There are 2 protein chains.
Amino acid sequence: MTETMNGAESLVRTLVDGGVNVSFTNPGTSEMHFVAALDRVEGMRCILTLFEGVATGAADGYARMAEKPASTLLHLGPGLANGLANLHNAKKASTPMVNIVGDHATYHRDYDAPLTSDIETAAKPFSGWVRTSPNAKRVAEDGAAAVAAAQNAPGQVATLILPGDTAWDEGSGPAKIPEIPTRKRVSEEAVRASAKALTSGEPALLLLAGAALKVHGLELAARIAAKTGCRFMAQTFNARMDRGAGSIAIERIPYPVDQAVETLKGLKHIVLAGSRVPVGFFAYPNKPSLLSPKDTEFTKLAELEEDIVHALEWLADELGATKTPITNNQYAPPKAGTGKIGAATLAPSIGALIPENAIVVDEGVSTGRGFFPMTQSAHPHVWLQNMGGSIGIGMPLATGAAVACPDRPVLNLEGDGSAMYTIQALWTQAREQLNVTTVIFANRKYAILLGELVNVGAQNVGRKALDMLDLSRPDLNFVDLARGMGVPGERVTDMESFNKAVAHGLSTPGPYLIEAMID
Amino acid sequence: MTETMNGAESLVRTLVDGGVNVSFTNPGTSEMHFVAALDRVEGMRCILTLFEGVATGAADGYARMAEKPASTLLHLGPGLANGLANLHNAKKASTPMVNIVGDHATYHRDYDAPLTSDIETAAKPFSGWVRTSPNAKRVAEDGAAAVAAAQNAPGQVATLILPGDTAWDEGSGPAKIPEIPTRKRVSEEAVRASAKALTSGEPALLLLAGAALKVHGLELAARIAAKTGCRFMAQTFNARMDRGAGSIAIERIPYPVDQAVETLKGLKHIVLAGSRVPVGFFAYPNKPSLLSPKDTEFTKLAELEEDIVHALEWLADELGATKTPITNNQYAPPKAGTGKIGAATLAPSIGALIPENAIVVDEGVSTGRGFFPMTQSAHPHVWLQNMGGSIGIGMPLATGAAVACPDRPVLNLEGDGSAMYTIQALWTQAREQLNVTTVIFANRKYAILLGELVNVGAQNVGRKALDMLDLSRPDLNFVDLARGMGVPGERVTDMESFNKAVAHGLSTPGPYLIEAMID
């Protein structure tokens, strides 16, 4: 270093050297030096969001598709706070992310100015790694550590807090990214024990997660199942699955507790391939938390952070299943739905409309629950879900996925209630002209909660309670909302118009929104 | 108790008995029993929001005007997370609030289901009091403790975490609210020392906060100033001030550091009446954090949690100033602005348009900085500001204030950038038909940050950096956004239309939005 370089520029150069090329931002005063450094460094694309939950959710969607972290840039404790719900989702999805949060200059924090808060404590419940950089000479090194930490298998949210003076004081120049350990391979004992469980002659399930849900992993699981007679399934929610033609049909454990219990009934063995013991999404009075039978024996083939695909290869080899014949999905889409718009007519239409290589974001909640089987024989696509259960992930996730894959159409399936948490994502989709087609399922209620009222045994439910689950009075108009943020769209009231509108959205560049009025 | 009553109903009855009559909610599964209990209990008004930051910001606005806490009802860690930015603001405003967050049933938490997180840790940086209720028998008592804690002077955010089974198991019936201590009176030493500082003959300032900014407190300060020759001012940001005709003209410490330093130059004494040592909102390279001269002596008359008004009465008495003549503001509004829309023409129009007994919410940011002096001789009104600096408070604050005071017109002055963080508030304003007139100052940029780039000394700023401060491409259309949420409105491009539109909004029932296109 012959020329002086401030901390901000040292950090941005470190990020770029570490392969972090995209930053989803909503900056403020304390981040101005970071922002100013952008123009002095080649190779960092900076994308403005109007709300921080869009930034964190987009960073999640980006990383799931790019398979490397993006960064965020958030403004002090409250900026972080606005991003926390989607950080929660990213944490549960084991998404690699470099979450950068500005803070007051180190010497200013003691004055307790209005925006002062305990950022580290706020970040901890929603991050896997948290560090506050102490000064400008250290900030590049801390940034490098964050880039590495984010990618430590299975991936995590690494939150780096940047006091203002770490940005504007003289820095060290870019720092070298520490080596990121490769995924650990599983032990021979794990493979042997899994093989034994699956060949016990008793009902057994191979439960998949993580990289096992890409085509190769799915094929291995299908071969193992064909060979041993075991079942194989995916968890209820999955960060990313290969689906459609060329992939392998797989069921997920159902969301409703009663159905899940029924699905897992009689199982004596569950082999966990990156997956976890299946538990209820919520607790309900007089329903179990654990979804499998009490006497089910669990065998761990691989932890999520281990090399799950290698473990499946080894297991297939151990079982002599590497060449066992299997059937990949053929392209055989259902016939698009006609007539009234509802869950039953929408499902086949989605299956018929998914284009080649699409990315499907699934936040259809109650309306979308039946879409999964009907999209199995669609064109090849990936399917992204919410791993943390905090609704309001769909629009940001679609935004980030579209940034990562500009040549792939993104179809965002979105409940009307969910859409409203992070609706600001539409503006970023318009600014960046992202190929996202958003379908809003407008049933004008938190429909899932109507079922949950019954599930939790709430009685004598009256008007005041029902009003809390009702999104009418006034009716939302998502076409107006989209237009207000520069996204064209249309409202449809029958399946014929729905099919036409979705096809139009998917085949034209830039974002488009369809508000499907559920009958 | 002869009949059984579950925990949820025991809690709701406790809240109502404690004077908590309004709940701003965004519930989920774990809160369904609380929701169901609403219809079994008279006297709790439940108001649905579509985003949790609206709920917490509205609870803040409600409490500032009603002078008692509202409750919230949020869904687990992520629901809390979405509400944290406005909780931060409420904490800094010392607003009393009963912040209720549902959690998984106690026995379900160990299973680490997707929505599980460490809610207590997330709540702590943004709450004054946090408690997780252990069981249904204790939940009413814990609720009562929260109601009391919220109102412990000067007021605080009391976060009560409710595991699902505390709601559905058999409860204890309502619990009694613990006694809330009255505000402590200041010591004779504090009054004597303050009197001495103000009569030293050296330049002195009486710096006011909290209840000192209501008419009676302001009159006392004016008398003291008239008697002693000291100056009196308010902090830069204030939770609530009485303004306009009948009140007392008062300046605030300017926001820009250089102006603030200039304003406080030469002061030898600052007497703190509920206020704090004035510090910069942010740190800037080569600018001080402390705004007053290094040799200024601070004298504490009253802490914010003490009886500030009584302290001023005592001080006035000590100084023989109780009858010193002062001049209250007369109604003498400026002439409404004409021609192009800009900060200079908007300021007199706001002064001319504020109606009798209005509540003005000030989130005008850069555009609104000059509104304060021009509204001094308007009709009597109160002025609410952001105490925590997290933008996105205006629309929720206006919503809550309108719920507290259905007979008072609310005028929300809002920057376009700020508006987008919690835009969902408009839907709640429409559903509840609240008398809120929102004025959006559409300059299509984060204008404040353009100044801050210079202030922090960022150099060689290029296109990529400036794009992060720019809200055009695409232009937002706030009239479309409002219509999409059921709020009528119009866009205006000259001051004549602006004046007409604001007068129309303020004089017609229900919400209205005016998008003022800054030239």
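**Salt bridges and the A–B interface**

**View 1. Interface of chain B and chain A.** Across this interface of a predicted model, 8 salt bridges are found (a side-chain nitrogen of Lys or Arg within 4 Å of a carboxyl oxygen of Asp or Glu). One salt bridge joins B:Asp112 to A:Lys92, with the closest N and O atoms 3.1 Å apart. In contact (heavy atoms within 4.5 Å) are 101 residues of chain B and 101 residues of chain A. Residues are numbered from 1 along each chain as its sequence is written, and chains are lettered from A in the order in which they are written. Local features need pLDDT of at least 70, side-chain atom pairs count only at pLDDT 80 or more, totals for chains, interfaces and linings use all residues, and side-chain values use heavy atoms, without hydrogens and water.

**View 2. Salt-bridge network.** A:Arg431, B:Arg463, B:Asp467, B:Asp470 and B:Arg473 are linked by salt bridges in a network.

**View 3. A:Arg192 and A:Glu188.** The closest N and O atoms of this salt bridge are 2.5 Å apart. Because the two residues are 4 apart in helix α8 (residues 188–198) of chain A, about one helical turn separates them (helices are DSSP runs of H or I, at least four residues, numbered from the N terminus). A:Arg192 is partly exposed at 46% relative accessibility (buried is under 20%, exposed over 50%, partly exposed in between; 1.4 Å probe, protein chains only). A:Glu188 is also partly exposed, at 36%.

**View 4. B:Glu9 and B:Arg13.** Their side chains form a salt bridge of 2.9 Å, N to O. B:Glu9 is buried at 10% relative accessibility, whereas B:Arg13 is partly exposed at 25%.
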